[in-house]
Amino acid sequence: MKRTVSLIFHMAMTLSAAMLVFSCKRAPSPVYPPEIPVITDLSGELGESERCFAIRFSVKVGIAEHASVEVFSPDGGTVYSSDLTDTLTVITVDGLEQHTVYTVNATAVNGTDRDTPAISSASENIQTASVPEYLTLLSATENSYSFRVFSLSETGFLFTSGEYDALEWLVPGWDPDDQESLKELMAALYPFEGHGDMTIECVDGEQPEWAQIPVEVWPDTHYFIMAADKDADGNIVGDVAFVDFNTL
(Lines give C-alpha, C1' and ligand atoms only; values in the text may rest on other atoms or scores of the structure.)
Protein backbone atom coordinates (compact mmCIF):
# COMPACT_ATOMS: atom_id res chain seq x y z
CA MET A 1 0.00 0.00 0.00
CA LYS A 2 2.86 2.37 0.85
CA ARG A 3 4.48 1.56 -2.49
CA THR A 4 1.27 2.46 -4.34
CA VAL A 5 0.93 5.79 -2.56
CA SER A 6 4.59 6.57 -3.18
CA LEU A 7 4.26 5.76 -6.89
CA ILE A 8 1.18 7.91 -7.23
CA PHE A 9 2.89 10.75 -5.40
CA HIS A 10 5.98 10.46 -7.64
CA MET A 11 3.86 10.51 -10.80
CA ALA A 12 1.96 13.53 -9.56
CA MET A 13 5.14 15.41 -8.80
CA THR A 14 6.62 14.54 -12.20
CA LEU A 15 3.45 15.71 -13.95
CA SER A 16 3.41 18.91 -11.90
CA ALA A 17 7.03 19.62 -12.80
CA ALA A 18 6.37 19.01 -16.47
CA MET A 19 3.36 21.32 -16.37
CA LEU A 20 5.43 23.94 -14.56
CA VAL A 21 8.16 23.76 -17.21
CA PHE A 22 5.55 23.96 -19.98
CA SER A 23 3.81 26.91 -18.35
CA CYS A 24 7.10 28.76 -18.05
CA LYS A 25 7.79 28.58 -21.80
CA ARG A 26 7.32 32.04 -23.41
CA ALA A 27 4.44 32.32 -25.85
CA PRO A 28 5.36 33.55 -29.38
CA SER A 29 5.28 37.34 -29.56
CA PRO A 30 2.49 38.72 -31.75
CA VAL A 31 3.34 39.97 -35.24
CA TYR A 32 1.87 43.34 -36.12
CA PRO A 33 1.33 44.48 -39.71
CA PRO A 34 3.60 47.30 -40.92
CA GLU A 35 2.29 50.75 -41.78
CA ILE A 36 0.31 50.84 -45.00
CA PRO A 37 2.61 52.01 -47.84
CA VAL A 38 1.89 55.38 -49.44
CA ILE A 39 2.12 55.67 -53.24
CA THR A 40 2.29 59.15 -54.79
CA ASP A 41 1.97 59.85 -58.52
CA LEU A 42 4.90 62.02 -59.67
CA SER A 43 4.38 61.71 -63.42
CA GLY A 44 3.86 65.46 -63.63
CA GLU A 45 7.64 65.81 -63.13
CA LEU A 46 8.24 64.19 -66.52
CA GLY A 47 8.38 66.08 -69.79
CA GLU A 48 5.33 66.00 -72.05
CA SER A 49 6.82 63.47 -74.44
CA GLU A 50 8.15 61.33 -71.56
CA ARG A 51 4.69 61.14 -69.95
CA CYS A 52 3.38 59.37 -73.05
CA PHE A 53 5.55 56.31 -72.44
CA ALA A 54 6.55 56.46 -68.76
CA ILE A 55 5.21 56.92 -65.24
CA ARG A 56 6.98 58.20 -62.13
CA PHE A 57 5.89 57.64 -58.54
CA SER A 58 7.22 57.50 -54.99
CA VAL A 59 6.65 54.73 -52.44
CA LYS A 60 6.87 55.46 -48.71
CA VAL A 61 7.05 52.52 -46.29
CA GLY A 62 7.48 52.30 -42.52
CA ILE A 63 9.58 49.81 -40.57
CA ALA A 64 9.10 46.35 -42.06
CA GLU A 65 11.07 43.16 -42.47
CA HIS A 66 10.51 43.24 -46.21
CA ALA A 67 8.93 45.65 -48.71
CA SER A 68 8.47 45.51 -52.47
CA VAL A 69 6.73 47.24 -55.36
CA GLU A 70 5.25 45.89 -58.58
CA VAL A 71 3.68 47.56 -61.62
CA PHE A 72 1.01 45.77 -63.64
CA SER A 73 -0.27 46.40 -67.16
CA PRO A 74 -4.04 46.37 -67.84
CA ASP A 75 -3.90 42.66 -68.75
CA GLY A 76 -2.29 41.81 -65.39
CA GLY A 77 1.23 41.31 -66.66
CA THR A 78 4.15 42.57 -64.61
CA VAL A 79 6.09 45.39 -66.27
CA TYR A 80 8.26 46.27 -63.26
CA SER A 81 9.10 44.79 -59.85
CA SER A 82 11.69 45.57 -57.19
CA ASP A 83 12.43 45.23 -53.50
CA LEU A 84 12.34 48.44 -51.47
CA THR A 85 15.33 49.13 -49.23
CA ASP A 86 14.65 52.78 -48.32
CA THR A 87 11.70 54.33 -46.50
CA LEU A 88 11.08 56.65 -49.48
CA THR A 89 11.85 55.55 -53.03
CA VAL A 90 11.20 57.39 -56.31
CA ILE A 91 10.76 55.11 -59.33
CA THR A 92 10.41 55.83 -63.06
CA VAL A 93 9.11 53.07 -65.31
CA ASP A 94 9.48 53.68 -69.04
CA GLY A 95 8.88 51.74 -72.23
CA LEU A 96 5.12 51.76 -71.58
CA GLU A 97 2.14 52.23 -73.88
CA GLN A 98 0.62 55.66 -74.37
CA HIS A 99 -2.77 56.55 -72.83
CA THR A 100 -2.78 53.38 -70.71
CA VAL A 101 -3.63 52.84 -67.03
CA TYR A 102 -1.00 50.95 -65.02
CA THR A 103 -1.48 49.64 -61.47
CA VAL A 104 1.25 50.19 -58.89
CA ASN A 105 1.13 47.80 -55.93
CA ALA A 106 3.37 48.24 -52.85
CA THR A 107 3.61 45.60 -50.10
CA ALA A 108 5.25 45.62 -46.64
CA VAL A 109 5.63 42.41 -44.59
CA ASN A 110 6.46 41.49 -41.00
CA GLY A 111 6.92 37.93 -39.76
CA THR A 112 8.43 36.67 -42.98
CA ASP A 113 9.56 33.50 -41.18
CA ARG A 114 6.02 32.55 -40.17
CA ASP A 115 3.31 30.61 -41.90
CA THR A 116 0.97 33.59 -41.69
CA PRO A 117 3.00 36.82 -41.91
CA ALA A 118 1.40 40.23 -41.31
CA ILE A 119 1.04 42.10 -44.61
CA SER A 120 0.10 45.68 -45.48
CA SER A 121 -0.38 46.80 -49.07
CA ALA A 122 -1.55 49.72 -51.19
CA SER A 123 -2.42 50.21 -54.86
CA GLU A 124 -2.54 53.25 -57.15
CA ASN A 125 -3.62 53.55 -60.79
CA ILE A 126 -1.43 55.83 -62.92
CA GLN A 127 -2.16 56.63 -66.57
CA THR A 128 0.34 57.52 -69.27
CA ALA A 129 -0.46 60.53 -71.46
CA SER A 130 -1.66 60.48 -75.05
CA VAL A 131 0.77 61.29 -77.84
CA PRO A 132 0.01 64.82 -79.12
CA GLU A 133 -1.06 65.45 -82.72
CA TYR A 134 1.89 65.19 -85.07
CA LEU A 135 1.25 68.58 -86.73
CA THR A 136 -0.76 71.32 -85.00
CA LEU A 137 -1.47 74.94 -85.91
CA LEU A 138 -0.95 76.93 -82.71
CA SER A 139 -1.83 80.48 -83.75
CA ALA A 140 -2.45 82.76 -86.72
CA THR A 141 -2.55 86.57 -86.70
CA GLU A 142 -2.37 89.26 -89.40
CA ASN A 143 1.42 89.02 -89.71
CA SER A 144 2.43 85.77 -88.01
CA TYR A 145 1.61 82.12 -87.44
CA SER A 146 3.08 79.29 -85.42
CA PHE A 147 2.79 75.53 -85.48
CA ARG A 148 4.08 72.54 -83.61
CA VAL A 149 5.58 69.27 -84.83
CA PHE A 150 5.70 66.40 -82.37
CA SER A 151 7.99 63.73 -83.82
CA LEU A 152 9.29 60.56 -82.20
CA SER A 153 11.74 59.91 -85.04
CA GLU A 154 15.33 59.52 -83.87
CA THR A 155 16.52 60.97 -87.18
CA GLY A 156 14.25 64.02 -87.10
CA PHE A 157 11.67 65.39 -89.49
CA LEU A 158 11.18 67.75 -92.45
CA PHE A 159 8.87 70.76 -92.40
CA THR A 160 7.86 73.65 -94.60
CA SER A 161 5.11 76.24 -94.99
CA GLY A 162 3.98 79.01 -97.32
CA GLU A 163 1.20 80.38 -99.48
CA TYR A 164 -1.38 77.81 -100.42
CA ASP A 165 -1.91 79.15 -103.95
CA ALA A 166 1.74 78.50 -104.85
CA LEU A 167 1.29 74.76 -104.52
CA GLU A 168 -0.70 74.38 -107.73
CA TRP A 169 2.08 76.11 -109.62
CA LEU A 170 4.69 73.73 -108.15
CA VAL A 171 2.76 70.48 -108.69
CA PRO A 172 -0.21 70.99 -111.02
CA GLY A 173 -3.22 68.89 -110.05
CA TRP A 174 -1.83 68.04 -106.62
CA ASP A 175 -4.25 66.51 -104.12
CA PRO A 176 -4.05 67.09 -100.33
CA ASP A 177 -5.45 63.57 -99.83
CA ASP A 178 -2.81 61.98 -102.09
CA GLN A 179 0.41 61.17 -100.25
CA GLU A 180 2.46 60.88 -103.42
CA SER A 181 1.64 64.44 -104.50
CA LEU A 182 2.29 65.70 -100.96
CA LYS A 183 5.73 64.07 -101.00
CA GLU A 184 6.38 65.61 -104.40
CA LEU A 185 5.42 69.01 -103.02
CA MET A 186 7.63 68.54 -99.97
CA ALA A 187 10.64 67.82 -102.19
CA ALA A 188 9.90 70.80 -104.46
CA LEU A 189 9.72 73.17 -101.47
CA TYR A 190 13.21 72.29 -100.17
CA PRO A 191 12.03 71.64 -96.60
CA PHE A 192 13.83 72.51 -93.38
CA GLU A 193 14.93 70.00 -90.75
CA GLY A 194 13.71 69.67 -87.17
CA HIS A 195 13.87 67.18 -84.32
CA GLY A 196 11.60 65.99 -81.53
CA ASP A 197 8.94 68.29 -80.13
CA MET A 198 9.42 71.60 -81.94
CA THR A 199 7.43 74.84 -82.14
CA ILE A 200 8.01 76.84 -85.34
CA GLU A 201 7.17 80.55 -85.38
CA CYS A 202 6.84 82.56 -88.57
CA VAL A 203 6.72 86.33 -88.05
CA ASP A 204 6.70 88.79 -90.95
CA GLY A 205 10.13 90.39 -91.42
CA GLU A 206 11.94 88.11 -88.97
CA GLN A 207 14.49 85.44 -89.88
CA PRO A 208 14.32 82.30 -87.71
CA GLU A 209 17.53 80.34 -87.13
CA TRP A 210 16.32 77.61 -89.46
CA ALA A 211 15.59 79.98 -92.38
CA GLN A 212 18.00 81.47 -94.93
CA ILE A 213 15.98 84.68 -95.50
CA PRO A 214 13.42 86.70 -93.50
CA VAL A 215 9.86 85.30 -93.42
CA GLU A 216 6.98 87.06 -95.17
CA VAL A 217 3.48 86.75 -93.75
CA TRP A 218 0.52 88.68 -95.20
CA PRO A 219 -2.90 89.30 -93.66
CA ASP A 220 -6.02 87.52 -94.89
CA THR A 221 -4.00 85.01 -96.87
CA HIS A 222 -4.38 81.25 -97.33
CA TYR A 223 -1.33 79.38 -95.95
CA PHE A 224 -0.25 75.77 -95.48
CA ILE A 225 2.10 73.84 -93.18
CA MET A 226 3.60 70.40 -93.89
CA ALA A 227 5.79 67.97 -91.96
CA ALA A 228 7.01 64.39 -92.26
CA ASP A 229 9.54 62.15 -90.49
CA LYS A 230 12.80 61.50 -92.31
CA ASP A 231 15.53 58.89 -92.26
CA ALA A 232 19.26 59.53 -91.79
CA ASP A 233 19.62 60.28 -95.51
CA GLY A 234 16.86 62.88 -95.53
CA ASN A 235 14.25 60.69 -97.21
CA ILE A 236 10.61 60.99 -96.13
CA VAL A 237 9.48 58.17 -93.84
CA GLY A 238 5.76 57.51 -93.48
CA ASP A 239 2.98 59.97 -94.32
CA VAL A 240 3.19 63.71 -94.85
CA ALA A 241 1.01 65.75 -92.48
CA PHE A 242 -0.72 68.74 -94.09
CA VAL A 243 -2.74 71.61 -92.56
CA ASP A 244 -4.07 74.75 -94.25
CA PHE A 245 -5.40 77.94 -92.64
CA ASN A 246 -5.98 81.65 -93.14
CA THR A 247 -4.20 84.54 -91.45
CA LEU A 248 -6.42 87.26 -89.96
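**Overall make-up**

The structure is a predicted model. The protein contains 14 strands and 3 helices. Of its 248 residues, 33% count as buried. The protein exposes about 15,300 Å², and carbon and sulfur atoms supply 52% of that area. Among contacts between residues at least 6 apart in sequence, 63% join residues at least 24 apart.

**The nonpolar cores**

Which residues have the most contacts inside the largest nonpolar core? They are Tyr145, Phe147, Phe159, Ile200 and Cys202, in a core of 18 residues. At least two residues of this core come from each of the strands E9 (144-150), E10 (157-163), E12 (197-203), E13 (222-230) and E14 (236-246). Another core, of 17 residues, lies apart from it; Ile39, Val61, Val71 and Leu96 are among its members.

Tyr145 illustrates how residues from separate parts of the sequence meet. Leaving aside residues up to four places away in sequence, Tyr145 touches Ser139, Ala140, Ser161, Gly162, Ile200, Glu201, Cys202, Val217, Tyr223, Ile225 and Phe245.

**Strands E9 and E12**

E9 and E12 pair in the antiparallel sense, over 7 bridges. Within this region, Ser146 stands opposite Glu201 in E12. In a regular strand, side chains alternate between the two faces of the sheet. On the covered face of E12 are Met198, Ile200 and Cys202, whereas Asp197, Thr199, Glu201 and Val203 make up the uncovered face.

**A loop residue: Thr128**

Thr128 is located in the loop between strand E7 (118-127) and strand E8 (135-140). Is Thr128 buried or exposed? Its relative accessible area is 2%, and Thr128 is therefore buried, the cut-off for this class being under 20%. The side chain of Thr128 reaches two backbone nitrogens, as the table shows.

| Side chain | Backbone nitrogen reached | Distance |
|---|---|---|
| Thr128 | His99 | 2.9 Å |
| Thr128 | Thr100 | 2.9 Å |

Both partners also belong to the set of residues that Thr128 touches, not counting residues up to four places away in sequence. That set includes Arg51, Cys52, Phe53, Ala54 and Ile55, together with Leu96, Glu97, Gln98 and Tyr102.

Methods. Residues are numbered from 1 along each chain as its sequence is written. This is a predicted model: local features need pLDDT of at least 70, side-chain atom pairs count only at pLDDT 80 or more; totals for chains, interfaces and linings use all residues. Side-chain values use heavy atoms; hydrogens and water are left out. A nonpolar core is a set of buried Ala, Val, Leu, Ile, Met, Phe, Trp, Tyr and Cys residues joined through side-chain atoms within 4.5 Å. Buried means under 20% relative accessible area, exposed over 50%, partly exposed in between (1.4 Å probe, protein chains only). Helices (H or I, at least four residues) and strands (E, at least two) are DSSP runs, numbered from the N terminus. Contact means heavy atoms within 4.5 Å. A polar contact is a pair of N or O atoms within 3.5 Å; within protein, one must be able to donate a hydrogen and the other to accept it, and residues adjacent in sequence count only if both atoms are side-chain atoms. Accessible areas come from the Shrake-Rupley method with a 1.4 Å probe; for residues, only the protein chains shown count as cover. Two strands pair if DSSP finds at least two bridges between them.
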